[in-house]
Amino acid sequence: MSEAVEDFSPEHMASNNRVLYYSRILISIIAGCATGIIGLTGYVGFLPYFITYAIICGLMWFKMNGKPLVYLQSETSLWWDGLFTGLLSYVLFWTLSYDIIHIY
């Protein structure tokens, strides 16, 4: 009897999701620090986060040769998973760096 061969490995897909998650968090922290150092406040301060998030997702999409389903469970996970988790890290480091540079 011939057994069906899996087209994907759940362990590799979980590893790919972890790499995406950590890279988004790192970019969010760097963007938050940069935004705080520049001194952006209010709603304008959120624009760098969404711009950097779109750039990192686009770069990952190009790295996957436009075929995220080969590496991830769903195509939407590339674009939407981690959006608000990264936002929390961004706001934390944005306010921290703004306070350190401009208030103290």
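**Labels and the values behind them**

Modeller: I start with Asn65. Its relative accessibility is 61%, so Asn65 counts as exposed. Keep in mind that this is a predicted model.

Biologist: Where is Asn65, and what is its phi?

Modeller: Asn65 sits in the loop between H2 and H3. Its phi is positive, about 60 degrees, although Asn65 is not a glycine.

Biologist: Now Ser77. Why is Ser77 called buried?

Modeller: Buried means under 20% relative accessible area. Ser77 has 8% relative accessibility, so it counts as buried. Ser77 belongs to helix H3, residues 75-80.

Biologist: Which residues is Ser77 in contact with, leaving aside its neighbours within four places in sequence?

Modeller: Ser77 is in contact with Asn17, Arg24 and Leu72, with those neighbours left aside.

Biologist: What does the side chain of Ser77 reach?

Modeller: The side chain of Ser77 reaches the backbone oxygen of Ser74 at 2.7 Å. A polar contact needs N or O atoms within 3.5 Å.

Biologist: Let us turn to the helix pairs. What describes two packed helices?

Modeller: The angle between their axes and the distance between the axes.

Biologist: What are those values for H1 and H4?

Modeller: Helix H1 covers residues 10-38, and helix H4 covers residues 83-103. Their axes come within 7 Å and cross at roughly 30 degrees.

Biologist: Why is H1 called roughly parallel to H4?

Modeller: Angles under 35 degrees count as roughly parallel. The crossing angle is roughly 30 degrees, so H1 is roughly parallel to H4. H1 passes H4 in a right-handed crossing.

Biologist: Which residues make this contact?

Modeller: On the H1 side, they include Tyr21, Ile25, Gly32, Cys33 and Gly36. On the H4 side, they include Tyr90, Phe93, Trp94 and Ser97. By class, the contact of H1 with H4 has 12 nonpolar, nine polar and no charged residues.

Biologist: Ser97 is on that list. How do you know whether Ser97 is buried or exposed?

Modeller: The relative accessible area of Ser97 is 9%. The limit for buried is under 20%, so Ser97 is buried. Ser97 touches Gly32, Cys33, Gly36 and Ile37, not counting residues up to four places away in sequence. The side chain of Ser97 also reaches the backbone oxygen of Phe93 at 2.8 Å.

Biologist: Why is Tyr49 called buried?

Modeller: Its relative accessible area is 1%. Buried means under 20%, so Tyr49 is buried. With neighbours within four places in sequence left aside, Tyr49 is in contact with Ser28, Gly82, Leu83, Gly86, Leu87 and Tyr90.

Biologist: How far apart are Tyr49 and Val91?

Modeller: They are 42 residues apart in sequence and 9.0 Å apart in space, C-alpha to C-alpha.

Biologist: What about Leu83: buried or exposed?

Modeller: Leu83 has 10% relative accessibility, under the 20% limit, so it counts as buried. Leu83 is in helix H4. Leu83 touches Tyr49, Phe50 and Tyr53, not counting residues up to four places away in sequence.

Biologist: One pair is left. At what angle do H1 and H2 pack?

Modeller: H1 and H2 pack at about 145 degrees, with their axes 10 Å apart. Their crossing is right-handed. The contact has nine nonpolar, four polar and one charged residues.

Conventions
Residues are numbered from 1 along each chain as its sequence is written. This is a predicted model: local features need pLDDT of at least 70, side-chain atom pairs count only at pLDDT 80 or more; totals for chains, interfaces and linings use all residues. Side-chain values use heavy atoms; hydrogens and water are left out. Axes are lines fitted to C-alpha atoms, for helices over the stretch in contact, and angles run from 0 to 180 degrees between N-to-C directions. Helices (H or I, at least four residues) and strands (E, at least two) are DSSP runs, numbered from the N terminus. Angles under 35 degrees count as roughly parallel, over 145 as roughly antiparallel, 65 to 115 as roughly perpendicular and the rest as oblique. A crossing is left-handed if the near helix is turned anticlockwise from the far one by less than a right angle, and right-handed if clockwise. Contact means heavy atoms within 4.5 Å. Ala, Val, Leu, Ile, Met, Phe, Trp, Tyr, Cys and Pro count as nonpolar, Asp, Glu, Lys and Arg as charged, and the others, Gly among them, as polar. Buried means under 20% relative accessible area, exposed over 50%, partly exposed in between (1.4 Å probe, protein chains only). A polar contact is a pair of N or O atoms within 3.5 Å; within protein, one must be able to donate a hydrogen and the other to accept it, and residues adjacent in sequence count only if both atoms are side-chain atoms.
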